[in-house]
Amino acid sequence: MTALESSTKVQLGGTRGGPDEPTLRKDRWWIQPVVTVAILTAFVIYSTWAAFQNKYYYVGSLVHRDLISPFYSPCIGGSCVPGAKFAFAVNAWTLSPALLILIFPLGFRLTCYYYRRSYYRAFWWSPPSCSVADAHGSYSGETRFPLLMQNLHRYFFYAGLVFNVLLTYDAVLAFRQPGLGWGVTVGTIVLTVNATLLWLYSLSCHACRHLCGGQVKSFKAHPIRYKFWKFVTPLNAKHMNFAWASLVFVALTDVYVRLVASGAISDYKLF
Amino acid sequence: MAEVTMRVWRGDASGGDFETYTLEQNEGEVVLDVIHRIQATDAPDLACRWNCKAGKCGSCSAEVNGKPRLMCMTRMDTLPKGPVTVTPMKAFPIIRDLVTDVSFNYVQAAKVPALMPPPMPEGGYRMFQEDVERGQEFRKCIECFMCQDVCHVIRDHEENKEHYAGPRFFIRYAELEMHPLDQNDRRDLIRQDMGLGYCNITKCCTEVCPEHIKITDNAIIPLKERVVDAHYDPVAWLGRKIRRKPKRSAADAAVQPAP
């Protein structure tokens, strides 16, 4: 064995100090995983229910509005209600149109670095919190299928950008009030805030930061990409905030459109 | 006079247990001060590693109430009421009491392929400020190894030490990979032999870093994205083919260890 080989050989199995307990932490470390489980579970249950409803996702010209739920946009299924249907449609698809499109935003969030941190801790207990013992006997991380697929995050990021453009278009259309002209309602504000939060979530994404300029070795040699990187880096620091805000607000947007479309409330016109 | 109760782990590789010490509480003390008072009064043979008492040498890493902390930077009045538990870092073999054998980290350090700059141009190498600033954050590391200690990949799975460099060395790899003069490509090495894929980005390393280095956001995730560039991105692969840009292998990088 050469000197280099012996200096790079890890010795395993030494006796560790301290008691053999899962954790010695005294603070309430379990609060964060519990809150994460509660919010993510509530979102998954609500979005699954909403996706299978296949109704009350569009408010149309009958009430002088043009509001569509983000869960159903772009509406490309054969069963889309008149007015909601996108330019391109898969007419053979007769189930809920939400089932066709939700896979992309879901994939974006599922492979997101921030959400990975959250659900690995909260659902998989790997680990449940810092210096709290991992709940699993062995661990291979993201080196094997299926977790190896987390590396596809940037493709979901690209798809997410397309959805952001479409939802921004929806927000602009929401200012149009068929038969009345243009105006601002609570619904237009809801859709605009939703699109804005989704843009902030996407632009603050780690893959976005890398593609903007993080991947270069020299900023000096790539001044434009450096400017992009400088722009998204402060956003990236708030990625967690945008992740939660956009998640909650996209569900609230669907709730609002659903309530208006079902007639439970009316969309109040501001001006 | 108020008192403070310390539960300190005493023992070595043959076994150990908590010893409880009750001392007078002094204003403004840090945990290391209290450990030193225990050495001066009740237990002169209590082993603990320390040096600067200013949070800059990284020697006095231990676990205070179950969390990796620098003892010299942990004020007693910031801890919750009740006995304070002090144990050695859990991820490394114990030597005695609060002292652990951190040689795993030196083994990993020896594996890092050194900077490989191009031949010196006339007038010397030049780096611009924006490139200098990027790597500067990683140079703040004081090698306290608390990030290694808290990382569950090796803390809870000893067997992973053979193929996992750990957060402290991922920031070293990131610094080299982002160095404008470096011509080495360590992406294969980082993926295959240094176990970057084992990190599931739970950010505990960032939480415990006393220098507030954004280990996960600024080093590990950028490294993961660089590995994606090299292995999981067909668009990048096509770009390399069109430009006929060769990709160095793990073996090429591994033959150039640090001096």
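**Close-up views of a predicted two-chain model**

**Figure 1. The hairpin of strands S3(B) and S4(B).** S3(B) and S4(B) form a hairpin with 2 residues between them, and Asn65(B) in the turn has a positive phi of about 50°. The model shown here and in the other views is predicted. S3(B) covers residues 61-64, and S4(B) covers residues 67-70. The two strands pair in the antiparallel sense, over 4 bridges. Val64(B) has Lys67(B) as its bridge partner in S4(B), and Ala62(B) stands opposite Arg69(B).

**Figure 2. The pairing of S3(B) with S5(B).** S3(B) is also joined to strand S5 of chain B, residues 84-87, by 2 bridges. S3(B) and S5(B) run antiparallel. Glu63(B) in this pairing stands opposite Thr87(B) of S5(B).

**Figure 3. The contact between the two domains of chain B.** Chain B is divided into domain 1, residues 3-100, and domain 2, residues 103-254. The contact between them takes 12 residues from domain 1 of chain B and 13 residues from domain 2 of chain B. On the side of domain 1 of chain B that touches domain 2 of chain B, 7 residues are nonpolar, 3 are polar and 2 are charged. The C-alpha centres of the two domains lie 32 Å apart.

**Figure 4. The side of chain A that touches chain B.** The contact between the chains takes 46 residues from chain A and 59 residues from chain B. Which elements give two or more residues to the side of chain A that touches chain B? They are helix H1 (3-7), helix H5 (113-122), helix H8 (206-214) and helix H9 (223-237) of chain A. H5(A) gives the largest share, 5 residues. The residues on this side of chain A divide into 14 nonpolar, 20 polar and 12 charged.

**Figure 5. Chain A as a whole, for orientation.** Chain A has 10 helices and 6 strands. Its radius of gyration is 23 Å, well over the 18 Å that the globule rule gives for 271 residues, so chain A is more spread out than a compact globule. The C-alpha atoms of chain A fill a box of roughly 85 × 50 × 40 Å, taken along the principal axes. Buried residues make up 36% of the 271 residues. Of the contacts in chain A with a separation of 6 or more, 65% are between residues 24 or more positions apart.

**Figure 6. Helix H9(A) and what covers it.** H9(A) has 15 residues and reaches 21 Å from its first C-alpha to its last, close to the 21 Å expected at 1.5 Å a residue. Trp229(A), Val232(A) and Asn236(A) are buried in this helix. An α-helix has 3.6 residues a turn, so residues three or four places apart point the same way. The cover over the buried residues of H9(A) includes helices H7 (186-203), H8 and H10 (239-261) of chain A, together with helix H9 (215-231) of chain B.

**Figure 7. Two cis peptide bonds in chain A.** Most residues other than glycine have a negative phi, and most peptide bonds are trans. The peptide bond from Ser73(A) to Pro74(A) is cis, with omega near 0°. Pro74(A) has its place in the loop between strand S2 (67-68) and strand S3 (75-77) of chain A. The bond from Phe145(A) to Pro146(A) is also cis, with omega near 5°. Pro146(A) is found in the loop between H5 and helix H6 (153-174) of chain A.

**Figure 8. Two residues with a positive phi.** Trp125(A) is not a glycine, yet has a positive phi of about 55°. Trp125(A) lies in the loop between H5 and H6 of chain A. Why does Trp125(A) count as partly exposed? Trp125(A) counts as partly exposed because 16 C-beta neighbours are inside 10 Å. Ile201(B), also not a glycine, has a positive phi of about 45°. Ile201(B) lies in the loop between helix H7 (187-192) and helix H8 (204-208) of chain B. Ile201(B) is buried, with 21 other C-beta atoms within 10 Å.

Note on methods. Residues numbered from 1 in each chain as written. Chains lettered and ligands numbered in written order. Predicted model: local features only at pLDDT ≥ 70, side-chain atom pairs only at ≥ 80, totals over all residues. Buried ≥ 20, exposed ≤ 12 C-beta atoms within 10 Å, placed from the backbone. Pairing = 2+ DSSP bridges. Domains from an automatic or database assignment. Contact = placed C-beta atoms within 7 Å. Nonpolar A, V, L, I, M, F, W, Y, C, P; charged D, E, K, R; others polar. Rg over C-alpha atoms; globule rule 2.2 N^0.38 Å. Expected span 1.5 Å × (residues − 1).
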